[in-house]
Amino acid sequence: MSDKVKKMQEIAREILEKGEAKVVIGWEKGTHWYLSPPAFIDKPEEVERLVWDDFCHNNLSKYLKDYVNHEGKVAIFVKGCDSRAFNRLLQDKQIERDKVILIGIPCHGLKDQDKAKELGENADIPKAKKCVECRYPNPLVYDYFIGEEKALDEVAAASEARDFSDVEAIETLSPDEKYEFWNKQYERCLRCYACRNVCPACSCRECIFDQTRVGWIGKANNASENQFFALTRAMHVAGLCIECGECERVCPMNIPIMLLNKKLIKDINLLFGPYDAGVDVDGKLPLGHFDKNDPEEFM
Amino acid sequence: MKTVLKTKLPELFEKLANNYTVFVPAKIEGISRFAPYQNGLELALEENVLMPPKDIFFPQTEKMYKFKAKDQYLEIEDLPPEEGQQVIFGVRSCDLKSIDCLDQVFLTKGFVDAFYQDKRDRSILIGLSCVKPMENCFCSSMGVDPQKGVGADIQAYDLGDKVGFEAITEKGRELLGKIETLLVEEAASVPAVEKFVLTADIEGVPEKLKNMFDHPIWDDICRKCLNCSVCAFVCPTCHCFDIASEVRGEDGTKIRCWDTCMFDEYTRMAGGHQPRPGKKERVRNRFMHKLRYFPERYDMLLCTGCGRCVAKCPVNLDITAVIRKIKEAE
């Protein structure tokens, strides 16, 4: 067992024994060695289930919405992206800071589960796509901290080298080619809503896609409804996406969802200045306020 | 046994495609599923496909009829019937069993679903045996024989570089006759199935669940669930649907679409009441339906051990783990 896992279990045990929180949300080993799904620990004697390894992909801040009316505190482990998700929920007043105990854990970059399955346990498994471009491996907010922060110059270097080449490749296509590309992707969308349900930015009390009586979206699965879903989902998380990449990881149809999210991030950076969601809790949201200097070519 | 080299399968499909729509396991845009055979299609015969054959009989969106409504006047128009026989090649035992489950729902107990029945009657099923279970397969634990499925018209056997055929029904014999010139009669033995990575001990679970509706186990099992519908939409047996209308002016189409007990709308009632308001109620329903209610009504499990939900669940809510927890519960 690594020192980090030992420390994790120690902190969780302490929190539960002292009664500081009723539940600790972390990760545990799943069906296979390359799966580390969320774990909910209620008792000190269960802390040994907790792990920290290359596959702790799930963004645990998503679960905080389930504990809004929970009595007492909830403790969760946060990687960099989980902490940004936490900040986002806090900024939207979806959760209360003093009801959550955050245990920060710097992330070394997680590994690709599909590749792990394919290559086997002893192989050199590449990083998950979502982690390759990560610029915030260190938790930005925490009450406890485990391990050492990733060197800041390394993080800064990653920021410098921000890579939008995948978005640019699509931008150079003609409108017809773009349409064809995205139609092909979303034609196979099952509308299982896993991307929405795993997304920490998707925190509406009632999602537009569930307002079936209003009929924003039809029940049918076809190109037109799927496109409406794809565009609306992307626009609704614009300015809120913290780039944890969970939507794309969980998509059973391998739709490159982050490409849409990244396009919107790129546009926001261009129109309103560089912005990273969930970093500065007190700052204003680029699409959440009006500034006299905002571009308004469309007027 | 009549055999053919795997490399010659496209030729065989080509020949059948003259008279039938031939669904084969294929990889399209990176996703494996059953697709009508056409030249150049990338076959996916090494492993079972991600999307089960369910949608051939029970499409995700099915048009039922058209209507015209104006003032007091209503006119209903049937859609033109679909015609032609279809062959579905390469249905694994788990998926053959799932078609058996769907048959129970859509064809028995005095309820016959005309849309399902029509597609089913026009279909000839060719099963395909498995040699190496995939990492999430546990069909043998659910009473399914990976080497020989139920309800196939022809059972095909994976013989390594060849595929062997055994006609089961008259329809199957007739079909084999049509491709006889491509087949070779030779002695062949079906390879033994390799060891399963995943297993489940289902013995006594349906009975035990009868007294577990209010068991605290559900409070724990449900917590990580996101209430998405990956599990239901990749499941070969999940068959819930919702009927809706697409209306433009006076014209409308009735459609029925896959639905799932994971969704809020599924049980939301006209007055707004929600009898299954949260994760607990919905997750419980999913497993109760698969492991208790369906066995009670039809005397068979509504899980065939295909492992698709285990492979695709975003939070690894593994049904074999749920079965284990039910077994261990006090």
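My entries follow, with conventions before findings.

I am working with a predicted model, in which local features need pLDDT of at least 70, side-chain atom pairs count only at pLDDT 80 or more, and totals for chains, interfaces and linings use all residues. Residues are numbered from 1 along each chain as its sequence is written, while chains are lettered from A and ligands numbered from 1 in the order in which they are written.

Entry 1, strand E4 of chain A. I took helices (H or I, at least four residues) and strands (E, at least two) as DSSP runs, numbered from the N terminus. In E4(A), residues 100-104, I found 4 of the 5 residues buried, that is, with 20 or more other C-beta atoms, placed from the backbone, within 10 Å of their own. Strand E3(A), residues 74-78, runs parallel to E4(A) and is joined to it by 5 bridges, where pairing requires at least two DSSP bridges. I noted Ile76(A) opposite Leu102(A) in E4(A). E4(A) also pairs in the parallel sense with strand E5(A), residues 144-145, over 2 bridges, and there Ile103(A) stands opposite Tyr144(A).

I counted 12 helices and 12 strands in chain B. Its radius of gyration is 21 Å, close to the 20 Å that the globule rule gives for 330 residues, so chain B is as compact as a globular protein of that length; the radius is taken over C-alpha atoms, and the rule is 2.2 Å times the number of residues to the power 0.38.

I found 29 residues of chain B in contact with 28 residues of chain A, contact meaning C-beta atoms, placed from the backbone, within 7 Å.

Terms used: Buried ≥ 20, exposed ≤ 12 C-beta atoms within 10 Å, placed from the backbone. Contact = placed C-beta atoms within 7 Å.
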